[in-house]
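Have the structure open while you read, and look for each space as we get to it.

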Amino acid sequence: MSVIDNMTRFNKWRFPMTPVRWVLVAISLIAVGLILFRLVTGLGLVTNLNDEWPWGWGLWISFDVMCGVALAGGGYGTALIVYVFKQEQFSSIARSAALTSLIGYLLVMVGLFLDIGQWWNFWRPLVSQGHSSVLFEVFICVSVYTSVQLIEFGEVATERIGRKYHQFFRKILPVLLVIGIAIPSMHQSSLGALYLLMVDKLHPLWWSPIIFFQFLISSFFVGPAMIAVETALAGRAFNHKVPMSVLSGLVRISGYAMLVYLALKFGSIITEGKVHYLFEGSFESLFFWIEVGFGVIVPLIICFSPLIKRRGWLVTFGALVASGVILNRYNVVVTGMVTSTGVSYWPSLPELTITIGLVAMGVLAYLFICENFRIIEHDDAKH
């Protein structure tokens, strides 16, 4: 039976509303209203950003962009594992990982747009290229990669709509996959490279001459962690469970990458003579140990122990690793900057609401697509 024949059960568009979904819709609508208000009035009335704590250190950069890009790394990581290293036993989660990544990058683009003070000038980098700017490279790579992911989704979409174009998208998919694996490795590392300039501002526990490589590796190992959490939630929502062998295999791959990350992180601290910062008792050292302890060390214990054989512990692994990466990005953008600037910052209620609203929109989009396209039940290795 062909792929398209398998889609016959998707004969009607559906999205049954539940109390939780109504709450997500309400949060999304409130966020949309605040977004429109921000675009009309500017950043000053909506955010707690100011001249001392500007654009690059706010919630929308630290979470919506820095964390969003990292957490959406499961797409290129899974594609690398499945299509380059030919580990086809993981193909059953390839589509769900790609979908999560696509939605994540779309939300990142919204976050970037909201951070532009004069948002009507968003088009200027397209015609006034800053070839020596790392931030320009991030903008171009994120934009191109998001566009590539949208085209890649055409292979899924045309199983139901525009079916006459399905074979076309299947033919161009290998080329798109190559581009989609190469580009993220550039902007994932470049987000860290932005802070190479902050040698006198970013706390020594996070500043490193190889911070760009640390960002790249963490974006790779957080991918399987997000997949573990996502499949657990999707399994409850759609009564579908990914085999334990698939999840444990992904977690092991993530664990080996985390060992490399941990060696680089502490190796950099030791070789650069920063060991005393680890035990100075400051809030920076406290946040560092929370980040590394609960976000890396504890997950490694789970990964390389018999606990990996239990589904609940795999979900715990994913939640801890994802939280650790989120805290790492927040520490780089906020915690590590407080001492040098002498300025405190806490996001305003509208900032928090918009961020939560973007997440709610992403969840609603994921649910709608999974219920109307072949995402969760996709297990065709030949794809």
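**Pockets and cavities**

1. Start with the largest pocket, which has a volume of about 880 Å³. It is lined by 29 residues, and those closest to its centre are Thr-100, Met-226, Val-359, Gly-362 and Val-363. Keep in mind that this is a predicted model.

2. Which elements build that lining? Two or more residues each come from α2 (59-71), α4, α9, α12 (311-341) and α13 (349-372). Helix α13 has the largest share, with eight residues. By class, the lining of the largest pocket has 22 nonpolar, five polar and two charged residues.

3. The largest cavity comes to about 360 Å³. Of its 23 lining residues, Ala-94, Arg-95, Ala-98, Glu-152 and Leu-177 are the closest to the centre.

4. At least two lining residues come from each of α3 (74-84), α4 (94-115), α6 (134-152), α7 (154-157) and α8 (166-193). The lining splits into 14 nonpolar, six polar and three charged residues.

5. Helix α9 (residues 211-238) gives the most here, with four residues. Sorted by class, there are six nonpolar residues, five polar ones and one charged.

Conventions: Residues are numbered from 1 along each chain as its sequence is written. This is a predicted model: local features need pLDDT of at least 70, side-chain atom pairs count only at pLDDT 80 or more; totals for chains, interfaces and linings use all residues. Side-chain values use heavy atoms; hydrogens and water are left out. On a 1 Å grid over the protein atoms alone, a cavity is a set of points where a 1.4 Å probe fits but cannot get out, and a pocket is an open set with protein on both sides within 12 Å along at least five of seven lines; lining residues have an atom within 4 Å of a point. Grid points are joined across faces, edges and corners, and a volume is the space filled by probe spheres set on the points. Ala, Val, Leu, Ile, Met, Phe, Trp, Tyr, Cys and Pro count as nonpolar, Asp, Glu, Lys and Arg as charged, and the others, Gly among them, as polar.
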